[in-house]
Amino acid sequence: MSPANPAARTVAAPEDAAELDGSAGAAAYLTDRCLTDGPAGRVGLEIEAHCFDLQAPRRRPDWAQISAVRATLGPLPGGSAVTVEPGGAVELSSPPLAGVGAAIDAMAADQAVLHAAFARAGLALVALGTDPLRPTRRINPGQRYLAMERFFAASQTGEAGAAMMTATASVQVNLDAGPASGWAERIRLAHALGPTMVAIAANSPLLGGAFSGWVSTRQRVWSLLDAARCGPILGADGDDPRTDWARYALKAPVMLVHTPQAVPVTRYVPFADWVDGRALLDGRRPTTADLDYHLTTLFPPVRPRGWLEIRYLDAMPAAIWPAVVFTLVTLLDEPELSGPAAAAVAPVATAWDTAARVGLADARLHAAATACVALAAERAPAALAPSMAALVDAVACARCPADRFSEQVIDLGLEPALRRLAAEVC
C-alpha cells in the first residue's frame, strides 16, 4: 500500500507495457494484481479541504497562489504528500502506518502545519464535502483534467463531472487487503458499511450557493455519474471480489487514452470492446499500460489497488473525523467486530441514496450507526476520547456534521458560516 506515493497514481512506462490477450488476458491481469495477500493493520489517510480567501470567499484562489504556498512547505512531520485537486482543493496523503492511531496522529500533525502555511498566505482550508458557495471551475492546468472535462461533456454528465472534479472533498481511508482467505467477507463488509458511514459523515448540504436537499451532496454528485464507473463493484453474491473487479473494469467505458497525453474518448467504448478489437482507440488495441491507466479513471466507493481504498466519506472538521476514521477502521480490522458490524448494517447495506439524502434522520440508518459507533467506542484509546465523545453524542441525537453547518448558514448567512467553520482547526 502506497497511498502517499505519487508514482502509485501513474501508469507503467510504454516500454514496460505488454500486449493483452483479449478480455481473458485482461481479466487475468486484473485478478492477479487487485488484492495483495498479507496481514491487515496498516492504515493510510487522504484528506481534502477546499481553499478559500476569506476576505473574498466567492473568489477561487488561482493555481499560482496555491502553488506558491506549497513551495514554502518542507517535509511534513507525518510524511504526507501535498497535492492540489482540479478545483483547488488541497489534499494530504499520508504514508501507510502501523495502525489507525498512528495514521490519525500523523495526519493531524500534517494538517496543523498545512493549515498554518495557508493561513500565513491569507487562505483557509475548509473541511466540507462540497464547496457550498462558488460555481464549479477548474484551476489545475493538468492536461488530464482538461481531457476529463471533455469526456464528461461528451457523455452528457458535464455538470456532475465538473462538480465532482472541482467542488467535492473527502476523507479517504486506505487499508491492507488482508489475508486472501478473508477477502470476500472483508470487501462485503467495506461495502455494507458504506451507507451507514455516509450518513454518519455527511457534511455537504450546499453546492454552488444553494441547499441541495441532500445532507451529502458529494455522494449525490457521484451517483449522477456513470454507475459503470462510480457504482459499487460487488456482484450478486460478492464471493469473489477479484472476479467482480475484473468484470467491473472490463465493462466500464474508457474515459481517456494515454498517448502519452490524455485524450478523451467521446463515445461509449467498454474496455472489453477495445481489448477484444471490436473498437480501436488511438488506432490500436490496448496494452497493460492502457489498462493500468483505465483503472485510474474508475471511482467505485471501495476500490482495490492491491490495498483497499474506501472513498465514501465526506470531508469533516477536526472535531469528528478522527472518531469516524477510527470507527470505520476498527470495524474492518478487528476480526471479532466484523460479525456484529455486518449484522448491524445489514438492513441498510444498499441504502446509499437514502443515506446521502436524509442521513441519520432515517430510523434504520440511525439504528445501524448507533450500533456501529458503540462497538468502536469500546475500543477507542484515551487520546481519542474527545473526538469519540463528540461522535457518540452526535449519533445519539441523529445529527451529522451537515446539520450543524446548515443551522449556521440559516442563522448567520452562508459567508459568515463559512468563516466560522474556517476558524476551527479543520
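Mentor: A definition comes first: a residue counts as buried when its relative accessible area is under 20%. Keep in mind that this is a predicted model.

Start with helix H13, residues 321-333. Two packed helices are described by the angle between their axes and the distance between the axes. On the H13 side, the contact uses Pro322, Ala323, Val324, Phe326 and Thr327. H17 supplies Ser387, Met388 and Leu391. By class, the residues of this contact of H13 with H17 are six nonpolar, two polar and no charged.

Stay with H17 for a moment. Pro386 lies in this helix. Is Pro386 buried or exposed? Its relative accessibility is 61%, so Pro386 counts as exposed. Pro386 and Pro322 are 64 residues apart along the chain. Their C-alpha atoms are separated by 9.8 Å.

Now the other partner, helix H16, residues 363-377. H13 and H16 pack at an angle of about 85°. Their axes are 9 Å apart. H13 and H16 are therefore roughly perpendicular to each other. From H13, the residues in this contact are Phe326, Thr327, Thr330 and Leu331. They meet Cys372, Val373, Leu375 and Ala376 in H16. The classes in the contact of H13 with H16 are six nonpolar, two polar and no charged residues.

A disulfide is a covalent bond between the sulfur atoms of two cysteines. How many disulfides does a search of the whole structure find? The search finds zero. Cys372 is in no disulfide, and its nearest cysteine sulfur, that of Cys400, is 16 Å away. With 0% relative accessibility, Cys372 counts as buried. Cys400 is in no disulfide either, and the nearest cysteine sulfur to Cys400, that of Cys397, is 12 Å away. Cys400 has 5% relative accessibility, so this residue counts as buried too.

Ala398 sits in the loop between H17 and helix H18, residues 401-412. Ala398 has a positive phi of about 55°, although it is not a glycine. Most residues other than glycine have a negative phi, and most peptide bonds are trans. At 25% relative accessibility, Ala398 counts as partly exposed.

Gln156 has a positive phi near 65°, and it is not a glycine. Gln156 lies in the loop between helix H4, residues 143-154, and H5. Gln156 is exposed, with a relative accessible area of 70%. The other feature is a cis peptide bond from Thr259 to Pro260, with omega near 20°. Pro260 is in the loop between strand S9, residues 256-258, and strand S10, residues 262-264.

One last stop is Thr168, in the loop between H5 and strand S6. Thr168 is buried, at 9% relative accessible area. Its side chain reaches the backbone oxygen of Met164 at 2.7 Å. Leaving aside neighbours within four places in sequence, Thr168 is in contact with residues including Glu48, His50 and Arg218.

Technical notes:
Residues are numbered from 1 along each chain as its sequence is written. This is a predicted model: local features need pLDDT of at least 70, side-chain atom pairs count only at pLDDT 80 or more; totals for chains, interfaces and linings use all residues. Side-chain values use heavy atoms; hydrogens and water are left out. Axes are lines fitted to C-alpha atoms, for helices over the stretch in contact, and angles run from 0 to 180 degrees between N-to-C directions. Helices (H or I, at least four residues) and strands (E, at least two) are DSSP runs, numbered from the N terminus. Contact means heavy atoms within 4.5 Å. Ala, Val, Leu, Ile, Met, Phe, Trp, Tyr, Cys and Pro count as nonpolar, Asp, Glu, Lys and Arg as charged, and the others, Gly among them, as polar. A disulfide is a pair of cysteine sulfur atoms within 2.5 Å. Buried means under 20% relative accessible area, exposed over 50%, partly exposed in between (1.4 Å probe, protein chains only). A polar contact is a pair of N or O atoms within 3.5 Å; within protein, one must be able to donate a hydrogen and the other to accept it, and residues adjacent in sequence count only if both atoms are side-chain atoms. Angles under 35 degrees count as roughly parallel, over 145 as roughly antiparallel, 65 to 115 as roughly perpendicular and the rest as oblique.
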